[in-house]
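Student: I would like to go through this model helix by helix. Where should we begin?

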Amino acid sequence: MTGEFFRLALIGVLGALLILAAITDLRARIISNRLNLAVALLAPVWWIACGLSFWPDMAVQLLVGVIVFALFAALFAVGMMGGGDVKLLGALALWFPWQATMTLIMLMALLGGVVTIATVVHHRMKKKPGQPEIPYGVAISIAALWMLGERYLNQFA
């Protein structure tokens with residue numbers, strides 16, 4: 001198996017996990033810990049496949065993951081995000097360089113607005129009681145899939 005094929009296979013697995021996360025969050029408003037753990041545990045395999053050095057490259061990736069997790073855990077603590085969403089974001093931050101992680105977060109925020117509006121409209125049209133639960137994992141997954149596909153679909157990337 002060549003290096004490029006292996007990297008593409010890892011991206012394919014991550015893509016499948018992201019689609020699964022979006023579907024389960026949309027249906028049940030939950031992203032399983034097992035799925036988040038799989039995303040996180042595949043990241044070091046990705047680092048090795050990409051030839052990252054232990055120091056400082058892998059250390060920086062870990063730091064970015066911890067920072068993203070901590071920032072969004074604070075949002076979880078005040079009730080603005082779900083725990084599965086926070087864990088998925090932290091796990092995804094392990095996959096992308098810090099610059100791409102910032103782009104991922106910006107895309108997620110924009111797509112999250114669209115998902116929120118669609119969810120609220122659907123909630124009101126169905127006249128459901130209580131506050132709607134926003135499936136933010138959908139926005140996170142779409143943003144990450146966008147980032148994964150960007151280098152293959154954008155000829156100028």
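Tutor: In this predicted model, helix α1 passes helix α2 in a left-handed crossing; left-handed means that the near helix is turned anticlockwise from the far one by less than a right angle, and right-handed that it is turned clockwise. Helices here are DSSP runs of H or I, at least four residues long, numbered from the N terminus. Because the model is predicted, local features need pLDDT of at least 70 and side-chain atom pairs count only at pLDDT 80 or more, while totals for chains, interfaces and linings use all residues. Residues are numbered from 1 along each chain as its sequence is written, and side-chain values use heavy atoms, with hydrogens and water left out.

Student: At roughly what angle do the axes of α1 and α2 cross?

Tutor: Axes are lines fitted to C-alpha atoms, for helices over the stretch in contact, and angles run from 0 to 180 degrees between N-to-C directions. The axes of α1 (residues 3-28) and α2 (residues 33-50) come within 10 Å. Angles over 145 degrees count as roughly antiparallel, under 35 as roughly parallel, 65 to 115 as roughly perpendicular and the rest as oblique. α1 is therefore roughly antiparallel to α2, the crossing angle being roughly 165°.

Student: How many residues of the contact of α1 with α2 are nonpolar, polar and charged?

Tutor: Contact means heavy atoms within 4.5 Å. Among the residues making it are F6, R7 and L10 of α1 and L35, V39 and W46 of α2. Ala, Val, Leu, Ile, Met, Phe, Trp, Tyr, Cys and Pro count as nonpolar, Asp, Glu, Lys and Arg as charged, and the others, Gly among them, as polar. The contact divides into 16 nonpolar, no polar and one charged.

Student: How far apart are the end C-alpha atoms of α6?

Tutor: The expected span of a helix is 1.5 Å times one less than its number of residues. For the 18 residues of α6 (residues 136-153), the span should therefore be 26 Å. The model agrees, with the end C-alpha atoms 25 Å apart.

Student: Is A144 buried or exposed?

Tutor: A144 lies in α6, and leaving aside neighbours within four places in sequence, A144 is in contact with L18, L92, F96 and L104. Buried means under 20% relative accessible area, exposed over 50% and partly exposed in between, with a 1.4 Å probe and protein chains only. The relative accessible area of A144 is 0%, so A144 is buried.

Student: Which helices do the buried residues of α6 pack against?

Tutor: Those buried residues include Y136, A144 and L148. They pack against α1, α4 (83-93) and α5 (98-125).

Notes:
Helices (H or I, at least four residues) and strands (E, at least two) are DSSP runs, numbered from the N terminus.
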